[in-house]
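Let's take a friendly walk through part of this model, strand by strand. Keep the sequence and the 3D view open as you read.

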Amino acid sequence: LFFSYFKELVGKEVTVELKNDLAIRGTLHSVDQYLNIKLENTRVVDQDKYPHMLSVRNCFIRGSVVRYVLLPQDGVDIDILHDATRREARGG
């Protein structure tokens, strides 16, 4: 469910918060079935706390270290999520 949903967000700007509290904003370039994420044109949300990350422009994020992915408001299709949730609840 989530993999297919994230594939539709390729090319849009997302913010990824990692388990170590680092938040990175960038353009979603690709995502795989393990929810590994590749971002381009990245920037750190809290630049004062992570000044060593200022020069990073592209990054690959392992899916197991992701805490949250904040999606753009215009990228969220509520109807698709509701339908998928209903199918999952019915077991199909």
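Thr15 sits in strand 1, which covers residues 13-18. Strands here are DSSP runs of E with at least two residues, and helices are runs of H or I with at least four residues, numbered from the N terminus. The model is a predicted one, where local features need pLDDT of at least 70, side-chain atom pairs count only at pLDDT 80 or more, and totals for chains, interfaces and linings use all residues. Residues are numbered from 1 along each chain as its sequence is written, and side-chain values use heavy atoms, leaving out hydrogens and water.

Is Thr15 buried or exposed? Thr15 counts as buried because its relative accessible area is 12%; the cut-offs are under 20% for buried, over 50% for exposed, and partly exposed in between, with a 1.4 Å probe and protein chains only. Setting aside neighbours within four places in sequence, Thr15 is in contact with Ala23, Ile24, Arg25, Val45, Tyr68, Val69 and Leu70, where contact means heavy atoms within 4.5 Å. With Arg25 there is also a side-chain polar contact of 3.1 Å. A polar contact is a pair of N or O atoms within 3.5 Å; within protein, one must be able to donate a hydrogen and the other to accept it, and residues adjacent in sequence count only if both atoms are side-chain atoms.

## From strand 1 to strand 2

Strand 1 pairs with strand 2 (residues 23-31) in the antiparallel sense, over five bridges. Pairing requires that DSSP finds at least two bridges between the two strands. If you want a spot to look at, Val14 has Gly26 in strand 2 as its bridge partner.

The hairpin of these strands has four residues between them, and Asp21 there takes a positive phi near 75°.

## On to strand 3

Strand 2 also pairs with strand 3 (residues 37-44), again in the antiparallel sense, over six bridges. Here Val31 stands opposite Ile37 in strand 3. This hairpin has five residues between its strands. Leu35 lies in the loop between strand 2 and strand 3, and has a positive phi of about 60° although it is not a glycine. With a relative accessibility of 29%, Leu35 counts as partly exposed.

Asn41 is worth a look too: its place is in strand 3, and its phi is near 50°, a positive value in a residue other than glycine. Asn41 counts as exposed because its relative accessible area is 54%.
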